[in-house]
Amino acid sequence: MPTPQPDPPTEAQNPWRWLHAALMPDYNPRATAYWWSVLTLGSLALGLAVAGLAGVGPGVLLQVGVGCAIAMLAGLFPVRIPGSRNSFAAGELFIMLLLLLHGPAAAALAAAGEALVGATRTSKRWTSRLISPATACLSMMLTGSAFQAATDALGTRSAVAEALVLLLAMTAAIGHFLLNTSLISLVPQLKRNEPLRWNQFVQNFGWVGTTYAASALLAGLLYLVFKASGVGVMAAAVPIIIALLVMLHYHFRQRESDEKAHAQRIEAAEREAAQSARHLQQLRESERRFHSAFSHAAIGMALVSADGRVLQANPALAQLLGCGDDDLTSRDFKRHVHRDDLPLLERQWRGLVEAGAARQQADGPDPDTGPEAEIEVDAAAVELRCLRADGSAVTVAVHSGHFADRHASEPCLILQVQDISARREAEAKLQHIAYHDGLTSLANRIRFGDCLAQAIARSKRDAGYGFAVMYLDFDRFKLINDTLGHSAGDRFLTMVAQRIREAVRPGDTVGRLGGDEFAILIDGMADEAPTLAMADRLQRMLAEPYLVDGTEVNSSASIGITFSTVGYDTPGDVLRDADIAMYRAKSAGRARTALFDASLRAQLAAQVNLERDLRRAIEQAQLALAFQPIYDLSTGRIDSFEALVRWDHPELGAVPPATFIPIAEDAAMISPLTDWVLASACQRLREFQRLQGQGARPRLHVNVSGTDMCRGNFVSRVSTALLANGLEPGQLTLEITESTLMHRLDAALQVMAQLREIGVGLSVDDFGTGYSSLSYLSTLPITSLKIDRSFVQRLNADAKDAEVVRAVLTLGHALGKTVIAEGIETPEQLAQLRRMGCQFGQGYLLARPLTPEMAAAVVQADRLRDALGATEAPRPDANGATSATSATSATPAAAEPDTGTPGPHAPLALH
């Protein structure tokens, strides 16, 4: 007996079949599989987009939310393309803007929302409402990620890179359109088992793809403006764009209405030829429709004679020109046209009338045509200014067509006049935003570069033409921002821009390149004398006080100038050289002007190469230390050493510290350099301690920069170097120059206090050159002062310098600070310092800087000398000089050959 087979499950028993029957009853298996696959991928893309925005800040989320909301709102009002069954949603502009600003995740989210709104508006089926946002999200995630990878690969911020970003954005928009359209178009084709109609797809691409690319281009321009000028420009531009799109939407609708009315009239005329019985009735009906459309049209319309006399006008035209309906009739329409634009309109009308007359003469009278009016195909459009009754001007678009009336004694024209003032104003604002600085209304970097490119091209065409470029940077702008606030700084920049405009000639171009940097393109001037005179005049005007928020502010500018005679090919090269000259002026002091020459570029290249070599020297430990002894002048014995960093360049030889230390500070290499010096110096100090024997505590001075002294982690770095070598903090003294200390005192005080707490000594180097405040000096946690060598070297030549040294010694002793004299080079200087009571000193007379090996040999010799009992210190005579076995010889060490070894000195010892 056969086993009974179970009945197949019903739809109620199988939820999957029930869902398929409810959502997609007309879907075959292939279409169903494709629909669920795309929906799944789109859902994953949507999840990735949401996850990608999970970690951003509230400000970015707000911008993304606003962008998505605008895109979805724009999806409710698609713009119908004239002459086509296609339309596009203005939300694509904001989707591309989100892609540029916040990446593919934000753009995919906005694309899904806009597609959901569009699908809900156009379809009642849930399959369409679900698949549309899925394909849009998936397509934007893929194309957006590719766009982001391409822009990340660009890397630079040059004008070429920005142009490539615009091109990539347009490519991404077109790719998004192609991919999204392909994904969504496959659904109906699979349902009908038909291949994709690529010819229809290509035909539709023309308009829609162009609008996608245009949206991406406009979004890219807004993105570049946002990067140059900030969110304020975006806030002003977005409403203008929305207004333009709304105007475009209604303009296209009006055009469709006009074209529909025109098509109806043509259709009526065609039916007249085919149906002669109803010919007269249809013509009258067409005429009534025409008069109805004419009278009730939203734009101004008029019938005018060949000479411009108004035969009939509708109320919209009267309202546009600010006069009554009857006031226009029999009046010359050309009276309402601006006189500068009148020749253009007259030429257009004359051509229309002549073309209509020639065609009528060629065709001859048509006995089968009725006596009613018709509009000829010949037409022309022009934009011009019309004058209202109150004298104000309004920008209009005038569409003129030939209007033939068989009973009329002469042909006439029909005019359509539309007010486009708002559109022109919005376009002008966008143009201004794109090429002008939002704060000062000067040309921005893009506009200035365009003008400079035109000047370069003209100089290549015309040998007699030349130009100059000034690059200005204000010397105290950061101080204004820090003390008065950034809003006051903005007002200061506005005042500066006004003064620069007043100082230049009308034909010159002034631009703000960013921050407090301005540039001036001096057109037609390539001579140094008048250019320098203009720069001097500009310096005087800019140096006058500014009243900012009730506070008088003084400032000055450093100006760099270059000329077209140098020979340039690109605007970037001109600005680079003018910038180099400006930095030369700034390094020479405030309120200076410098001219560019080729040597400046070579110096900059040499500095760049030196910076590169210094970085390699620090990384590969190619530097060395020298140790200059510091003597106790009363005993002639070595008290401590000062560690000096040396760099022997493989090609340039010995590079002075005064050359490479500033480079290290500017290139953010000073901290690695300081760490290396501290580690190397502490290692040598440990070796000196081992050579000197148990119980010895030699001391070492190390120079540090103000940058390091202001860093919060500097104390831990110093402690690490000491602990790694088993040294006590009291064995290390850190030196910082007085000028650097006074300039950055507030930031360094806390670090200095922490260093003194652990026992590290602090010394003020080059004392007497930095204008120290006595109130600060009495409270600073320092242990010693070093008299600057400039005062020591003029001890015998200038009595005033001797009094300065004496005052420093008295001040140091009164404050309980150790005083060290630098740069002792003659016996007379040494004797005078001793008479003044200076206890410690260093200089070439006493000893030149020693190599580590030589310093170690000196330490070992001291230990041997102490072991042999040579501990009696020499005593100075009445004049402060010593005997032949004293601390110094009668011959200055400066006269000795520079062997790197000390001269004949007394027994040396470390304490």
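Is serine 441 buried, partly exposed or exposed? In this predicted model, serine 441 counts as partly exposed because its relative accessibility is 40%, which falls between the 20% limit for buried and the 50% limit for exposed. Let's look at its backbone next, together with that of another residue.

Serine 441 sits in the loop that links helix H14 (421-435) to helix H15 (445-461). Its phi is near 65 degrees, a positive value in a residue other than glycine. Alanine 621 also has a positive phi, about 55 degrees, although it is not a glycine. The loop that holds alanine 621 runs between helix H20 (598-619) and S15. With a relative accessibility of 47%, alanine 621 counts as partly exposed.

| Residue | Phi | Relative accessibility |
|---|---|---|
| Serine 441 | near 65 degrees | 40% |
| Alanine 621 | about 55 degrees | 47% |

**Strand S15 and its partners**

S15 runs antiparallel to strand S16 (residues 637-649), and nine bridges join the two. Within this pairing, phenylalanine 627 is found opposite alanine 643 of S16. Four residues lie between the strands of this hairpin, and glycine 636 there adopts a positive phi near 75 degrees.

S15 has an antiparallel pairing with strand S23 (residues 840-841) as well, made over two bridges. Here aspartate 632 has phenylalanine 840 of S23 as its bridge partner.

**The nonpolar cores**

The largest nonpolar core holds 80 residues, and Met709, Leu734 and Leu755 touch the most other members. Helix H22 (residues 670-692) supplies the largest share of this core, with ten residues. Leaving aside residues up to four places away in sequence, the contacts of leucine 734 include Leu678, Val702, Val704, Phe714 and Val718. Leu755, Val760, Gly761, Leu762 and Ser763 are also among the residues that leucine 734 touches.

**A nonpolar patch on the surface**

Which residues form a nonpolar patch on the surface? They are Val160, Leu164 and Leu167, which together have about 270 Å² of accessible area. Leucine 164 belongs to helix H7 (residues 159-191). Its relative accessible area is 34%, so leucine 164 is partly exposed.

Note on methods
Residues numbered from 1 in each chain as written. Predicted model: local features only at pLDDT ≥ 70, side-chain atom pairs only at ≥ 80, totals over all residues. Heavy atoms only, no water. Core = buried A, V, L, I, M, F, W, Y, C linked by side-chain atoms within 4.5 Å. Buried < 20%, exposed > 50% of the residue type's maximum accessible area, 1.4 Å probe, protein only. Contact = heavy atoms within 4.5 Å. Pairing = 2+ DSSP bridges. Patch = residues over 30% accessible without salt bridge, like charges linked within 9 Å, V, L, I, M, F, W, Y side chains within 5 Å. Areas by Shrake-Rupley, 256 points an atom, 1.4 Å probe, with all protein chains shown as cover. Salt bridge = Lys/Arg side-chain N within 4 Å of Asp/Glu carboxyl O.
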